[in-house]
Amino acid sequence: MASKIWNIFCETNRIIVAQPGHYLTLSFIFLLPPSFVSLLLNILIKYIQQATYPILTISLVSILFLLISYIFTYCAVISITSSVYPSFLNQPIKLKQAFKSISTSFFPLLATDIIVYAIYFVAFLIFALVIGAVSFVIAYLTGVDLQAHYFFVVVPFVLACILFFMFLGVQLSLVKVIVVVESLWGLEPLRRSWKLVEGMLLVIIPIFTLFGLSNLVLASLAGDSWILILVFTPIVALLTLYNIAVLAVLYVYCKDKNEKLADQVFATEKDEARLPLISS
């Protein structure tokens with residue numbers, strides 16, 4: 001599995017290096033702003049807490065910054081994914097085409113993401129209701145004071161939530177790529193992603209962990225230092241660029257593995273697309 005992950009990263013790097021100006025431009029326009037905002041959040045919260053109405057102010061500012069961040073991130077996901085995917089056929093697209101893809105995929109991606117977040121929310125409510133019901137039954141039947149054993153109630157719930165949402169995140173990891181590449185939206189990309197990632201758990205989890213921990217470490221190191229925030233912002237943007245590109249490469253790999261893509265769609269261009277590098 002380690003060699004497959006390495007091959008996916010190598011293929012991603014090859015595609016980006018082949019058009020450095022293209023991807024640097026997209027990163028500068030769409031990834032630098034949300035990267036800066038994500039690192040700036042600690043300073044903003046600390047400053048806003050000193051305001052007259054901290055809760056209201058923090059809520060409004062957080063919503064504003066999240067909205068801006070999501071808009072830029074969506075544009076980045078669409079433009080970068082639509083650029084990476086044709087590169088497997090050695091058919092790089094121009095910036096104009098990448099920008100044009102945003103207008104066609106933005107709202108389908110937004111609608112699909114709303115469905116995904118709704119699923120997460122419902123799943124969390126179900127977990128909360130189940131743990132509440134179980135706690136009540138245990139307290140009623142045994143007479144145990146659960147407040148005195150709060151740790152044993154909360155920890156299993158938190159661990160179960162984390163494991164479940166990690167599993168769900170892996171199963172739905174290709175949703176955004178599918179929306180952009182296959183022009184699908186709604187529930188269909190979720191079903192497609194669930195099908196495509198079958199048997200890929202040991203590949204996707206390390207990739208998720210790597211990028212997730214990298215961003216978390218950088219955010220922790222930056223803290224409330226303006227200098228570190230300015231230094232780390234381009235690094236976070238670069239990591240996000242590779243994260244988006246890796247998912248697009250992973251999508252092709254999953255199709256090659258689970259849908260015999262090399263024999264059906266890329267049969268004539270397989271050598272040019274260098275699919276053997278991924279599937280080795």
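Biologist: Why is lysine 255 called buried?

Modeller: Its relative accessible area is 11%. Buried means under 20%, exposed over 50%, and partly exposed in between, with a 1.4 Å probe and protein chains only. The value 11% falls under 20%, so lysine 255 is buried.

Biologist: How do you know which residues and atoms count here?

Modeller: This is a predicted model, with pLDDT of at least 70 needed for local features and 80 or more for side-chain atom pairs, while totals for chains, interfaces and linings use all residues. Residues are numbered from 1 along each chain as its sequence is written, and side-chain values use heavy atoms, without hydrogens or water.

Biologist: What makes up the secondary structure of the protein chain?

Modeller: The chain has 12 helices and zero strands. Of the 280 residues, 39% count as buried.

Biologist: What makes aspartate 113 and lysine 176 a salt bridge?

Modeller: Their closest N and O atoms are 3.2 Å apart. The rule asks for a side-chain nitrogen of Lys or Arg within 4 Å of a carboxyl oxygen of Asp or Glu. The value 3.2 Å is within 4 Å, so the pair qualifies. Aspartate 113 sits in helix α4 (residues 95-142) and lysine 176 in helix α6 (residues 175-182), so the bridge ties together parts 63 residues apart in sequence.

Biologist: Why does aspartate 113 count as buried, and why does lysine 176 count as partly exposed?

Modeller: Aspartate 113 has 3% relative accessibility, so it counts as buried. Lysine 176 has 29%, so it counts as partly exposed.

Biologist: How do you know that glutamate 182 forms a salt bridge with lysine 255?

Modeller: The closest N and O atoms are 3.9 Å apart. That passes the same rule. Glutamate 182 lies in α6 and lysine 255 in α9, so parts 73 residues apart in sequence are tied together. Glutamate 182 itself is partly exposed, at 21%.

Biologist: How do you know that glutamate 188 and arginine 191 are separated by about one helical turn?

Modeller: They are three residues apart in helix α7, so about one turn separates them. An α-helix has 3.6 residues a turn, so residues three or four places apart point the same way. Glutamate 188 and arginine 191 also form a salt bridge, with the closest N and O atoms 2.5 Å apart. Glutamate 188 is partly exposed at 30%. Arginine 191 is partly exposed at 45%. Elsewhere, salt bridges with shared partners join Glu182, Arg192 and Lys255 into one network.

Biologist: How many salt bridges does the count come to?

Modeller: The count is five.

Biologist: What makes α7 roughly perpendicular to α9?

Modeller: The axes of α7 (residues 188-196) and α9 (residues 226-258) come within 9 Å and cross at roughly 65 degrees. Roughly perpendicular covers 65 to 115 degrees; under 35 is roughly parallel, over 145 roughly antiparallel, and the rest oblique. So α7 counts as roughly perpendicular to α9. Axes are lines fitted to C-alpha atoms, for helices over the stretch in contact, with angles from 0 to 180 degrees between N-to-C directions.

Biologist: Which residues of α7 and α9 meet?

Modeller: Arg192, Lys195 and Leu196 in α7 meet Tyr251, Cys254, Lys255 and Asn258 in α9. By class, that contact has three nonpolar, one polar and three charged residues. Nonpolar covers Ala, Val, Leu, Ile, Met, Phe, Trp, Tyr, Cys and Pro; charged covers Asp, Glu, Lys and Arg; the others, Gly among them, are polar.

Biologist: Why is cysteine 254 called buried?

Modeller: Cysteine 254 has a relative accessible area of 0%, so it is buried. Cysteine 10 is partly exposed at 28%. The structure holds zero disulfides, a disulfide being a pair of cysteine sulfur atoms within 2.5 Å.

Biologist: Why does leucine 221 count as exposed?

Modeller: Its relative accessibility is 53%, so it counts as exposed. Leucine 221 is in helix α8 (residues 201-222). Beyond its neighbours within four places in sequence, leucine 221 is in contact (heavy atoms within 4.5 Å) with Leu228 and Phe232.

Biologist: Why is alanine 245 called buried?

Modeller: Alanine 245 has a relative accessible area of 0%, so it is buried. This residue lies in α9. Not counting residues up to four places away, alanine 245 touches Thr12, Ile16, Ile80 and Val84.

Conventions:
Helices (H or I, at least four residues) and strands (E, at least two) are DSSP runs, numbered from the N terminus.
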